[in-house]
Amino acid sequence: MPSAAPDSLTVLVYSSHAATREKVLLSLGRRPAPDIARLEYIECAKGDEVLEAIDAGGVDLLILDGESTPEGGMGLARQLKNERTVSPPILLLIGRRDDRWLAHWSQTDAAVPHPIDAIELAEVTAELLRRLVPAATAVVVPTVPAVPAH
């Protein structure tokens with residue numbers, strides 16, 4: 001029997017820029033889509049805070065700013081994917097659309113360019129979260145046994 005969908009999901013937002021973190025939170029709100037559980041946020045301004053939060057557990061999705069300094073989200077993403085046995089999906093905020101190859105190098109699951117487009121960010125976030133909880137978004141269609149032809 002599939003487990004019930006969670007009441008909330010935890011999203012960690014990392015950026016050394018407070019304005020970027022605020023834009024992400026305002027763009028996503030409490031629900032990026034009607035079929036997604038309520039979001040709870042952890043905000044991090046430093047790379048070591050991200051690592052501590054991941055080690056503590058309970059993070060469902062990471063949104064990392066590739067433009068952060070001194071530790072960028074790209075390096076953090078690659079470090080998490082290569083050094084942790086379990087890493088939540090990672091959405092990377094990239095400087096421009098042409099930087100998608102850097103997101104691929106970083107082994108992230110998705111990328112959204114700066115400046116942040118609230119609709120695009122919400123759509124990509126919702127898609128990544130749906131992959132975590134497929135039972136919450138799946139429509140159950142009853143099957144009808146085939147009737148033999150006479």
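Is arginine 100 buried, partly exposed or exposed, and what is its relative accessibility? Arginine 100 counts as partly exposed, at 34% relative accessibility. Keep in mind that this is a predicted model.

**View 1. Arginine 100 and glutamate 120 form a salt bridge.** The closest N and O atoms of this pair are 3.9 Å apart. Arginine 100 sits in helix α4 (residues 100–105) and glutamate 120 in helix α5, so the bridge ties together parts that are 20 residues apart in sequence. While arginine 100 is partly exposed, glutamate 120 counts as buried, with 17% relative accessibility. The cut-off for buried is under 20%, so glutamate 120 falls within it.

**View 2. Arginine 96 pairs with aspartate 99.** Here the closest N and O atoms of the salt bridge lie 3.4 Å apart.

**View 3. A salt bridge links aspartate 35 with arginine 130.** The two side chains meet at 2.8 Å, N to O. This pair brings together distant parts of the chain, 95 residues apart: aspartate 35 belongs to the loop between α1 and β2 (38–44), and arginine 130 to helix α5. Both ends are partly exposed, with relative accessible areas of 33% for aspartate 35 and 24% for arginine 130. Across the whole structure, a search finds 11 salt bridges. As a rule, side chains of opposite charge can pair when their charged atoms come close.

**View 4. The largest nonpolar core contains 22 residues.** Which of them touch the most other members? They are Val24, Ile63, Leu91, Leu93 and Leu121. Two or more residues each come from β1 (8–14), α1 (18–28), β3, β4 (90–94), β5 (110–113) and α5 (118–132). Helix α5 gives the most, with 5 residues. In soluble globular proteins, nonpolar side chains tend to be buried together.

**View 5. A patch of negative charge gathers on the surface.** Its members are Asp48, Glu49, Glu52 and Glu71. Glutamate 71 belongs to the loop between β3 (61–65) and α3 (73–83), and this residue is partly exposed, with a relative accessible area of 30%.

**View 6. Threonine 69 and proline 70 are joined by a cis peptide bond.** Omega is about 0° here. Proline 70 is in the loop between β3 and α3, which is also where glutamate 71 from the previous view is found.

**View 7. Another cis peptide bond runs from histidine 114 to proline 115.** In this case omega is near -10°. Where does proline 115 lie? Check the loop between β5 and α5.

**View 8. Glutamine 107 has a positive phi without being a glycine.** The angle is about 65°. You'll find glutamine 107 in the loop between α4 and β5. Glutamine 107 is partly exposed, with a relative accessible area of 28%.

Technical notes:
Residues numbered from 1 in each chain as written. Predicted model: local features only at pLDDT ≥ 70, side-chain atom pairs only at ≥ 80, totals over all residues. Heavy atoms only, no water. Patch = residues over 30% accessible without salt bridge, like charges linked within 9 Å, V, L, I, M, F, W, Y side chains within 5 Å. Areas by Shrake-Rupley, 256 points an atom, 1.4 Å probe, with all protein chains shown as cover. Salt bridge = Lys/Arg side-chain N within 4 Å of Asp/Glu carboxyl O. Lys, Arg positive; Asp, Glu negative; His and termini not counted. Charge placed at Lys NZ, Arg CZ, Asp CG, Glu CD. Helix = DSSP H or I, 4+ residues; strand = E, 2+ residues; numbered from the N terminus. Buried < 20%, exposed > 50% of the residue type's maximum accessible area, 1.4 Å probe, protein only. Core = buried A, V, L, I, M, F, W, Y, C linked by side-chain atoms within 4.5 Å.
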